[in-house]
Amino acid sequence: MGSRVVALLFLLGCFFSEGSEGLTFSSRLIHRFSDEAKGFWVSRNVALAGDLWPKVGSLEYIEMLIRNDLKRHRRKLGSQTQLLFPSEGSRTFSYGNEFDWLHFTWIDIGTPKVSFLVALDTGSDMLWVPCDCIQCAPLSASYYNALDRDLNEYKPSLSTTSRRLNCSHELCTSRPNCKSLNETCPYSESYYSENTSSSGFLVEDKMILASPSMHGTENVVQASVVMGCGRKQSGSYLDGAAPDGLMGLGPGSLSVPSLLSKAGLTKNSFSICFDENSSGSILFGDQGFGPQQSTPFLPVGERGTYVTYSIGVESCCIGSSCLKLSGFQALVDSGASFTFLPTDVYNKVVLEFDEQVNAEKIGPMAGWKYCYTARSMELHEIPTMKLTFAMNKSLVIHNPIYSVPANSGIAFCLALQPFDGDYGVIGQNFMTGYRMVFDRENLKLGWSTSNCKERGESVEVHLAPPPNAKSPKPLPTNEQQHFPNTPPVSPAVAGRTSSKSSAVSSPQNSFMHSVMSSLLHVLLICLFVSTI
């Protein structure tokens, strides 16, 4: 097939190289599913089933075009293109102070499936749930003001798809603590909060996920995940921080994004989104869409490994003032409710904020030192804040304050804390109003302003107009099909004309026009056949 196309292109080149001045040429494009293309196949004695070649313009014809487009995109993007989210929906929730200001989502695990309300944490790797409990948080809804249903405890013996991981498994990082490789792999995870930990043993089971479909329904996906059977919790996990488990989303091999990517179910990426109404969404396999800013992840430690989502902040800006020597390295951590800055950077930021804010300073509140009172109409005068990154990228903080009603109006605090160290932590409050894309495949953090809804909703294609709908708008007239300040051009005039006009075409030009049109026609048919 390739040699035939090359030969035809050679012949066309010969015709163009001599005697082609003053010619125009044109050729009709033949749609691969048109009646003319169908006739071509019939002339080749190829049997065509009716459902493979429906009537042009019919609903079946439109559906066939959509299916073909989807196949085309799958060929371009490969198999790892689906977006996945928990089977109970992509939505995330925050229950405020009762659950330590963390964001949660419902997930289904096991066969038969059992639901768990897990906290989302990009600062750790492991998924664990309360399991065969020795010391776990209360699971009854009556214990919590925010819940309308009881939380669950995982029982490996009741799930037909559950199996324990032995110490010989490649994902068992506690192997040095095992007496035998045939033992069940233990785990013990400690967290940033004081005396907060989870421990137990590792199991493998099915997590029920879903992906959006073309018809507004959801395709169910069962993914194998390795998780902790959390028999014993301590610290804040007993006080409401994560009573029903935690989903670590970090870059480690045990995290759910890593396992989904390794299984070929998604791209090695995910996104989380926090909106102003204490809700949001999570999507596995999401690498972002449309315009978004990004900054690279930084390796950590002497070995230069990507063990956390660490980024480099070049400067902190308050209003129009970008502070000198205010850069730092930051961990992006959805498990942190608020943001921490290195102490020296913190001092510069709060002093500049205090100088610019138009409000009366009051005493500390809820652990924040820089708090103020203001009439509600003065809130718009609070100075803006942003972080800048390499390549002129920036993250504008939509709401750097935390406000509460007060007798004289509104009391608010700058929601920042100092951190004794040379790095900071970007928490949920600085991510609010953005879809944060943790693109592990390309080692970068992306962000774009978002209402947290546009990717979580199913894609639905309407093939028929709704009842009593008006007819679609007609195509624009020739007079309407032009750019501003240019004369209208009929879409039928598509050929290139010679700079030298001629009232009558010569016989030679007419012959060459005919030959080239025929050759172009044959060439396009050949190219069309090669793509079927």
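Buried means under 20% relative accessible area, exposed means over 50%, and partly exposed is what falls in between. I wrote this down before opening the structure, which is a predicted model.

**Entry 1: the cysteines**

I started with C136, and at 21% relative accessibility C136 counts as partly exposed. C133 is also partly exposed, with a relative accessible area of 29%. I found that C133 and C136 form a disulfide, with 2.1 Å between their sulfur atoms. The angle about this S-S bond is -95 degrees, and the link is left-handed.

I then looked up how many disulfides the structure holds. There are 7. A disulfide is a covalent bond between the sulfur atoms of two cysteines.

I went on to C131 and C229, whose sulfur atoms are 1.7 Å apart in a disulfide. This link is left-handed too, with -80 degrees about the S-S bond.

The next pair I noted was C273 and C452, joined by a disulfide with an S to S distance of 2.1 Å. The link is left-handed, at -75 degrees about the S-S bond. C273 belongs to strand β11, while C452 is in the loop between β28 (444-449) and α7 (507-531), so this pair connects parts 179 residues apart in sequence. Both cysteines are buried.

C316 is in no disulfide; the nearest cysteine sulfur belongs to C317 and is 7.5 Å away. C316 counts as buried, at 2% relative accessibility.

**Entry 2: strand β12**

I followed β11 into its neighbour. β11 (residues 269-274) and β12 run antiparallel and are joined by 5 bridges. The two form a hairpin with 4 residues between them, and S278 in the turn has a positive phi of about 65 degrees. I picked out F270, whose bridge partner in β12 is F284.

β12 also pairs with strand β2 (residues 91-94), again antiparallel, over 3 bridges. Here R91 has S281 as its bridge partner.

Which residues of β12 point which way? S279, S281 and L283 point one way, and G280, I282 and F284 the other. In a regular strand the side chains alternate between the two faces of the sheet. In β12, 6 of its 6 residues are buried.

**Entry 3: a sheet of 4 strands**

I traced an open, antiparallel sheet in the order β16-β15-β21-β22. β16 (321-322) and β22 (393-397) are at the edges with a single partner strand each, so one side of each has no neighbour in the sheet. β15 (residues 315-318) and β21 (residues 385-389) pair over 4 bridges, and C317 has K386 as its bridge partner in β21. Helix α5 (residues 343-356) lies across β15, β16 and β21, at about 15 degrees to β15.

The unreviewed UniProt entry places the feature "active site" at D121 and D333. They are spread over 213 residues of sequence, yet the largest C-alpha distance is 6.6 Å.

Is D121 buried or exposed? D121 is buried, with a relative accessible area of 7%. D121 lies in strand β4 (residues 114-121), and its side chain makes a polar contact with that of S124 at 2.7 Å. D333 is in the loop between β17 (328-332) and β18 (339-342) and is buried at 4% relative accessibility. A polar atom of the D333 side chain lies 3.2 Å from the backbone nitrogen of G123.

Terms used
Residues are numbered from 1 along each chain as its sequence is written. This is a predicted model: local features need pLDDT of at least 70, side-chain atom pairs count only at pLDDT 80 or more; totals for chains, interfaces and linings use all residues. Side-chain values use heavy atoms; hydrogens and water are left out. Two strands pair if DSSP finds at least two bridges between them. Contact means heavy atoms within 4.5 Å. Axes are lines fitted to C-alpha atoms, for helices over the stretch in contact, and angles run from 0 to 180 degrees between N-to-C directions. UniProt positions are given in the numbering used here, feature names are shortened, and annotations may be inferred rather than shown by experiment. Buried means under 20% relative accessible area, exposed over 50%, partly exposed in between (1.4 Å probe, protein chains only). A polar contact is a pair of N or O atoms within 3.5 Å; within protein, one must be able to donate a hydrogen and the other to accept it, and residues adjacent in sequence count only if both atoms are side-chain atoms. A disulfide is a pair of cysteine sulfur atoms within 2.5 Å.
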